[in-house]
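Me: I'd like a close look at one part of this model. Could you take me through it piece by piece?

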Amino acid sequence: MSSSLSARKITVAAALSAIAVVLGATQLGFIPVPTPAGHATIMHIPAILGGILEGPVVGVIVGGIFGIYSFLDASTPIFKDPLVAILPRLFIGLFAYYAYAWTKRWGEVAAVTFSAIIGTLTNTVFVLGMIVIRGYLDGKTALAVGITHGIPEIVVAVIITLPVVLAWKRIETGRGKSKL
Amino acid sequence: MNEFEFLRRVNIGIYLPTGSWMHRLDPRAKLLSFLFLVAGATFAPSVVVNLLLLSFVVLLIASARIPLKFAFAGIRPAIPFLVAIALLDLLFAPSVASGPGCFLVRQLWVFSVTNCVLNLIALIFIRFGTLILLTSLLTSTTSTAEMGLGMENLLSPLNSIGFPGYELALIFSLTFRFVPSFALEAERLVKAQLARGADFGEGGRWKFVRRAKAMLPLMVPFFLMALQKAEVMALAMEARGFVGGKGRTHYRVLHFRLIDGLAIVVSFIVSILAVLIRL
């Protein structure tokens, strides 16, 4: 294989990206939370999963496609800036991968949880950071949004990522018993 | 029940074949021009220039025989957000838009209307309009098949330096291919769970933990289904001898014409001017 992307990495990257798109387009990706924006998003979770399951390259690609979709989808105007929509998202899968790889020795559950936390934090911090750098909002508002939004989003991300990864790994190893 | 019809919502812009000159452009030219113009609109600092850019794009849309109402369709859901951003910026005017030459036009209650903030808000609105129209222009004049082919061609020179250009373009194409079938699957899953008495609306805003957990019977099967489909497809690709993009030839070949080159050059010049001119 002359390339770093095997057939499996290609199809998994595409499948996860497609999930991100479907979650966004059908509003399934939005969980209502008591914050000013109204909902926390789970659309970044496929990027986290890409990093955990297939490595940094796939994580970056899925994050990128998620970013491109949020750029093309017009409903939230602040994402009409590609530097806000796409650039920060590239790091979600990347950092999720490293978080997972570095904490793996403490067990699968810990590693996946930490990875989901880092991935979501990356999304929140980098996107809001870019918004401030581009001058759309000031630092204090961004910080407030980040905290009120970020915490529920992290919790939701862990709740969803953990069972998916564990279920998938169980299917892969063929074991029928639950480890939880 | 309409809220569960997912398939028709997964449209990143609808392809509208009107047979105009733009539809017949090489997709590579359209993609590159789109990228240049987006960069121009994103980095152009002055309101006047952005306005000119917007008018330029409107002209393009008209020449492509795309109805303007259609192109602007995506703006309506965004209006509340635009208003919110405008209000927030007005509220925090000093920290968002400051510098020499900024003076207070009026103080309305807690909103400080300075000329700089007005400039910023105008910039945001106009830039937003331009980018939406550009996106509509691209998606309504280029079918997804064409886009995939164009991307593949554009990224292929990178293959020789080790960057997986072909594979990247393939991922895009596969994503297009997966989206409708995943939307259908999601619809099926939601309806199946509802028929079993699952409640996705339970808990309201404050009990979001419970609500997130309630999404699991949908999310876990959805992700697993997608990953399994990916595995099967990878197996199918390998069984047919897929070895990556190096040296691969194509059935459908794109032909570059003079007008494609012109389109790219014009877009490039327009975007450079937009970024550099400070009217």
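How many residues of α1(A) are buried?

Reply: A quick note on the ground rules: this is a predicted model, where local features need pLDDT of at least 70, side-chain atom pairs count only at pLDDT 80 or more, and totals for chains, interfaces and linings use all residues. Residues are numbered from 1 along each chain as its sequence is written, with chains lettered from A and ligands numbered from 1 in the order in which they are written.

On to your helix (helices are DSSP runs of H or I with at least four residues, strands are runs of E with at least two, both numbered from the N terminus). α1(A) is mostly covered, with 18 of its 19 residues buried; buried takes 20 or more other C-beta atoms within 10 Å of a residue's own, C-beta atoms being placed from the backbone. From first C-alpha to last, α1(A) reaches 27 Å, close to the 27 Å expected at 1.5 Å a residue, where the expected span is 1.5 Å times one less than the number of residues. Just after α1(A), A:Q27 takes a positive phi of about 65°.

Now the partner chain. Chain A puts 55 residues into the contact and chain B puts in 63, a contact being two residues whose C-beta atoms, placed from the backbone, lie within 7 Å. Elements giving two or more residues to chain A's side include α1 (7-25), α3 (56-72) and α7 (139-173). Of these elements, α1(A) gives the most, with 14 residues.

Across the way, chain B has 10 helices and 2 strands, and buried residues make up 35% of its 279 residues.

How values were computed: A residue is buried if 20 or more other C-beta atoms lie within 10 Å of its own, exposed if 12 or fewer, and partly exposed in between; C-beta atoms are placed from the backbone.
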